[in-house]
Amino acid sequence: MHTDRLVELATTVKTAVYSDDWLLPDKKELLARWVAPLAIDGTIVAGLTLHIEVPLWRLGEFDRLTARLTHRSGGYTWHLGRIEFAPNGPPPHHRHTHPKLMRSGLFPPSLDGPHAHLAEDNAILGPEAFRPPADLPAAREIDWNGGFLNAISTISTLFCIEGLWCGDELPWDRRLF
């Protein structure tokens, strides 16, 4: 897939098609998941999906709260965006090591705290940056002061998803709001 098309999918205004509630983990997993197909101009785009994951094992905290925008096409999963709201572990939470990113002068050597890997930032690296193992190596800091509603608002803005809402409340802990 061409880089311009990947960036277009990521930056075009979309809406979520609501179908399911949060999927709570079984005994082997730790993450609750919310997944929604996405539509552009009222038409569902095959393979274009928003994924949100929240750890269930630490109620009221946000370690590893993550949102992903993906597109499955041509036998590949293309990563169009990822937002890490509360990266796990001590800083730094992301390092820019790709030579093109470092030479560009647009990206600091490392990031501490919440950050977003966006399609438009990764376009300079070509289509391979959108697939594993590269998985969107360019990232930028985001302003997020905590809270689930603030995270949903940030996802909506950065992933260009109008009216994003993941249910009236998380089924396991109202304190997240």
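**View 1. Arginine 33 stands opposite glutamate 53 in strand E3.** In this predicted model, E2 and strand E3 (residues 43-55) run antiparallel and are joined by 9 bridges. The hairpin of E2 and E3 has 2 residues between the strands, and aspartate 41 takes a positive phi near 55 degrees there.

**View 2. Strand E2 also pairs with strand E1 (residues 14-16).** The two strands run antiparallel, with 2 bridges joining them. Alanine 16 stands opposite leucine 38 in E2. Strand E2 spans residues 31-40 and is mostly covered, 7 of its 10 residues being buried.

**View 3. Alanine 138 lies in the loop between helix H3 (119-122) and strand E9 (140-141).** The relative accessible area of alanine 138 is 0%, so this residue counts as buried, the cut-off being under 20%. Leaving aside residues up to four places away in sequence, alanine 138 touches His96, Leu101, Phe107, Ala116, His117, Leu118, Asp121 and Asn122. Isoleucine 124 is 14 residues from alanine 138 in sequence, and their C-alpha atoms are 9.4 Å apart.

**View 4. The protein chain contains 4 helices and 10 strands.** Along the sequence, these elements follow the pattern α-β-β-β-β-β-β-α-β-β-α-β-α-β. The chain has 177 residues, of which 46% count as buried. Among contacts with a separation of 6 or more, 53% are between residues 24 or more positions apart. The chain exposes about 9,200 Å², and carbon and sulfur atoms supply 51% of this area.

Technical notes: Residues numbered from 1 in each chain as written. Predicted model: local features only at pLDDT ≥ 70, side-chain atom pairs only at ≥ 80, totals over all residues. Heavy atoms only, no water. Buried < 20%, exposed > 50% of the residue type's maximum accessible area, 1.4 Å probe, protein only. Contact = heavy atoms within 4.5 Å. Areas by Shrake-Rupley, 256 points an atom, 1.4 Å probe, with all protein chains shown as cover. Pairing = 2+ DSSP bridges.
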